[in-house]
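Reader: I would like to learn how to read disulfides in a structure. Could we work through a case together?

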Amino acid sequence: MNLKDVSKKCAPLGLSAALAVGLAMLHSPIAAVETAIGSDVSSHELRAITIESWDKDYSNGGYGWEAVTNVDPRPQPNETYKAALANLKMEREVKLIAGTPRDIRENQNYPQARVFGLKFAFTFPGNNVVSLRPPRVDHYMVERARPHLNETALADSNYRIPSCFQDQTQSQYSNPNRPVYVDCVIGVDMPGQVKALSVWVMGRGNEYELEAWIDDWKGETHILKFGSVDFIGWRPLTVSIPNSVPQGVDSFPAVKTLVFRQFKLRATPRTSLEPVYIFFDELRVLTDVFEVHFDGATLDFDRPDCERKNRLYRLIRENARNPEAWPELVDCSKAPGPAQAGGGGGTTP
């Protein structure tokens, strides 16, 4: 059975995912989606989807994600991230390592399976914190418009829309004549209406607490507490998404998604100062990915419109063991270009 992309089947996902399904079904009613021919139970499509496997290194440095501590030196402008760093107050190192939890059966004979490994140590006790987050590359970039700040952008004659993507064709806000205020958010899109979040952690009995920080589409940050990593061996940790976190979407495509920003490992009053080795794999969401399919959904206005619709499907397909189960991505290079006389409308670039 395919655990990367499972529809309405919770037993093979382990105890944590089964619990998450129970919580979701208990607190979330069947989605009231009206289509042209009415709605049925298929309008509630719960799936367990891997949003980060650490099997691919988008950092191009062999470390996947970055780790920083609360006593890291302040980085200099344009300074390249150092995967290993030590000073008088701490040491830290991150890398991707071949391996996987034994209970993730579909990874057992998968030669590209990797886990995210972290080593760190502090010199002094106290409120020590390690943050784990994606690097600043296009794969982890999410644009968020901030309409309440558009007047600020309009009043500033020098304001320019920030360059979120190195590949500018992925931007939804590429017109320099319209002063839209845009935040460049670094994180992982969490598709659909998310009910629960889980991650596999291999601990070695160190007394740290694990948190997840997520942003909603309004830009507000929510801190979810997984609990202690004071255990030995691989264990799936799960946390439910509170109903107070806004996820309502009434437009197509459903791009007002939650964004996973970072993990934090936080010391407790009992935490000792020995070096810590800890590993992560399979960051997953239990999510309702129902999307109304309607006549015209595949009609693109231009390339940014096409890329916008492709983005979440690409996220799901890249992390699915069975990508053929999802719609094919559209070749956005064939999207209509500017209108041309005698062309019968927009033409391809």
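Reader: Which residue does a disulfide join to Cys164?

Author: A disulfide is a pair of cysteine sulfur atoms within 2.5 Å. In this predicted model, Cys164 is joined to Cys184, with an S to S distance of 2.0 Å.

Reader: Where in the chain do Cys164 and Cys184 sit?

Author: Cys164 is in the loop between helix H2 (150–155) and strand S9 (182–186), and Cys184 is in strand S9. The two are 20 residues apart, and the pair links distant parts of the chain.

Reader: What is the handedness of the link of Cys164 and Cys184?

Author: The angle about the S-S bond is -85°, and the link is left-handed.

Reader: Is Cys164 buried or exposed?

Author: Buried means under 20% relative accessible area. Cys164 has 6% relative accessibility, so Cys164 counts as buried. Cys184 has a relative accessible area of 23% and is partly exposed.

Reader: How many disulfides does the structure hold?

Author: The structure holds two. The other case to read joins Cys306 to Cys332, with S to S at 2.1 Å. Cys306 lies in helix H3 (residues 303–319), while Cys332 is in the loop between H3 and strand S17 (339–340), so the pair ties together parts 26 residues apart in sequence.

Reader: Why is the disulfide of Cys306 and Cys332 called left-handed?

Author: Because the torsion about its S-S bond is about -80°. As for accessibility, Cys306 is buried at 1% relative accessible area, and Cys332 counts as buried at 4%.

Reader: What is the pairing when the bonded cysteines are numbered in sequence order?

Author: For the protein chain, the pairing is 1-2, 3-4.

Definitions and conventions
Residues numbered from 1 in each chain as written. Predicted model: local features only at pLDDT ≥ 70, side-chain atom pairs only at ≥ 80, totals over all residues. Heavy atoms only, no water. Helix = DSSP H or I, 4+ residues; strand = E, 2+ residues; numbered from the N terminus. Buried < 20%, exposed > 50% of the residue type's maximum accessible area, 1.4 Å probe, protein only.
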